[in-house]
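Below is a short briefing on selected packing features. Have the structure open as you read.

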There are 2 protein chains.
Amino acid sequence: MSKIKVGVVGYGTIGKRVADAIRLQDDMELVGITANTYNYKIKAANKKGIKIFPMRGLSDKDHLNHGIDSVHGHAEDLIEQSDIIVDCTPKKTGYKKWYEKRGVKAIFQGGEKADMGTSFVSQCNYADAWGADYIRVVSCNTTGLCRTLKAVDSTYGVKQAHATLIRRAADPWDIYHGPVNALVPHLVVPSHHGPDVKTILPNMELFTTSVSVPTTLMHIHSISVDLEMPTVNIEGVVDLFRSTTRVRMVYNSDGIRSTAEILEYAKDLGRERGDMPEVCVWKETIGLKNDKLFYLQAIHQESDVVPENIDAIRAACKMCSGAESIRKTNLSLGI
Amino acid sequence: MSKIKVGVVGYGTIGKRVADAIRLQDDMELVGITANTYNYKIKAANKKGIKIFPMRGLSDKDHLNHGIDSVHGHAEDLIEQSDIIVDCTPKKTGYKKWYEKRGVKAIFQGGEKADMGTSFVSQCNYADAWGADYIRVVSCNTTGLCRTLKAVDSTYGVKQAHATLIRRAADPWDIYHGPVNALVPHLVVPSHHGPDVKTILPNMELFTTSVSVPTTLMHIHSISVDLEMPTVNIEGVVDLFRSTTRVRMVYNSDGIRSTAEILEYAKDLGRERGDMPEVCVWKETIGLKNDKLFYLQAIHQESDVVPENIDAIRAACKMCSGAESIRKTNLSLGI
């Protein structure tokens, strides 16, 4: 089987992870990545042997000043050499017109508007994206909400749910965003996350409230669900989450008391970049009262959409079934 | 009318505020405070002319080394000279036996067990504490939850509620507690806050989930309520909170986007120590969907129980009605 040729446009938090993940797939070939500046990320990519296609704004030969031996034409060349592009540019900058002009399929990220492509979470709606020209992998938070709420809905039925998103202020590398020392409510309700979940799970009645907090280490969601078929069996809920792909139960009894320790654990597991793409649900935070289910889950904002991007490539290019793609992606990433 | 003589045992975050508030009441006299070390707080109290009663562990004359001219016997003398004590010692250290032995009434704080005295939130159950020997002013979080949930229950009826507590890691002065950079879920559900609310509102079906976050500036509660009598009128909810004592509506449209700006506003209002004893609800975070109400409220952990302590003194000593006490306390504190 010939490999699908994939280009990555935008090489930041998500782009660099997606590029690495593509290189781990036996049915994909990473054509290269774009660069709009020669920073440490591009230098590291160059050292890995990843081909670099500078944006037109970069001056000729400047790459030599950054220790990068060679570049490969321009971003347009990358697009023309690829069967599909994963666009990981900053939110609201997806280069859709470039891809349309050249008849190349593309995967966008959750920062783009919903009409950019078929919204996508592998385990929820892989089939919807089968053969699609444009797919939008939804945001880290929406992805995490969909994974567990879909599971709860399938087993117990969700009448309505409320999620409070306790959001990390910035990514670890990001020194420009706050708050340093305050709690910042998102002053529109519902926050966009609830409606965004409906692009994946159209019947999910979810209201979301969001607060930014001074940390860089993961988001936490506090979720309450009105169940259609109530249960008093917490172990049943635990078993449900344990058997749901890309959901990981974590245990206070193992010493995982915080998001810091989840990421320490990911490092101890030998994960690339210390990533934790699974949604982590603390067993001890699962509660049942009357007809409601409560739980806390943690979302690693930098990595949880990476496996979705890989699966989205396979869906767009009709490479294999959703179940098979999830199996292959999980295996390659050690999930 | 002769003034009620009040002593304050324990002079930390709460004790120093309660002592100042007592001095503002026309029907109370602050006998003095205890000291178990001569730190900056005690020095400041001395400068204000507050009488200091050292604990027995302190060595004689050591106060002179700290610029404190005179002390007044020992803690036991303070108790004997007082009609009532407000015990603001650290959690689980309330000196109840001392007060019982001397037949002195006492007010305890929310860190004590529920059986230490009648649990108390002025606007919810003042009458329950009428003439009580021992009252327990519940914690800042429980107080805040009771204030708004009681109002919602009275107007719309609460079937069941869920509150996610996003808790400040430590008080501003407290350099010993973390987290510095992580989110720490409270790994028992429900957290103690839900059951604690029942000590005030016995029929309130509240489940609480809690996460500590790296800030010192206030807690935020994300609350969802299943209403008995649903409404679609957000302005009605706004009016309800606006007309509820010790609840303040805050507005993003005024530039109050975060807890930092709430406290900046308190300083701009000229509040003593920059305190905000009112529960602050952001107007823009009030949401209604199907039969549910959603809102975010911020709690100033250092000050919201201060007015409750003052009212608890009046309830214990049968000084006036709850409505009258709340009126007097609010007026004295500029609420």
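In which hand does helix 11 of chain B pass helix 12 of chain B? The crossing is right-handed; that term applies if the near helix is turned clockwise from the far one by less than a right angle, and left-handed if anticlockwise. The model is predicted, so local features need pLDDT of at least 70 and side-chain atom pairs pLDDT 80 or more, while totals for chains, interfaces and linings use all residues. Residues are numbered from 1 along each chain as written, chains are lettered from A and ligands numbered from 1 in written order, and side-chain values use heavy atoms, without hydrogens or water.

**Helix 11 and helix 12**
- Helices (H or I, at least four residues) and strands (E, at least two) are DSSP runs, numbered from the N terminus.
- Helix 11 and helix 12 (residues 322-333) of chain B pack at about 140°, with axes 9 Å apart.
- Axes are lines fitted to C-alpha atoms, for helices over the stretch in contact, and angles run from 0 to 180 degrees between N-to-C directions.
- The two helices of chain B are therefore oblique to each other (under 35 degrees is roughly parallel, over 145 roughly antiparallel, 65 to 115 roughly perpendicular, the rest oblique).
- Helix 11 of chain B makes the contact (heavy atoms within 4.5 Å) through residues including B:Val306, B:Ile310 and B:Arg314.
- Helix 12 of chain B contributes, among them, B:Ile326, B:Thr329 and B:Leu333.

**The sheet**
- Seven strands of chain B form an open sheet in the order 3-2-1-4-5-7-6, with parallel pairing (a pair needs at least two DSSP bridges).
- Strand 3 (52-54) and strand 6 (118-120) of chain B are at the edges; each has a single partner strand, so one side of each lacks a neighbour in the sheet.
- The twist averages 25° from one strand to the next.
- Strand 1 (residues 4-9) and strand 4 (residues 84-87) of chain B pair over four bridges.
- B:Val8 sits opposite B:Val86 of strand 4.

**Helix 9**
- Helix 9 (residues 234-242) of chain B has these buried residues: B:Gly236, B:Val237, B:Val238, B:Leu240 and B:Phe241.
- Buried means under 20% relative accessible area, exposed over 50%, partly exposed in between (1.4 Å probe, protein chains only).
- Those buried residues pack against helix 7 (140-156), strand 12 (247-250), strand 13 (279-282) and strand 15 (292-299) of chain B.

**B:Ser210**
- B:Ser210 is in strand 10 (residues 206-213) of chain B.
- B:Ser210 is buried, at 1% relative accessible area.
- Beyond four places in sequence, B:Ser210 touches residues including A:Leu296, B:Arg167 and B:His193.
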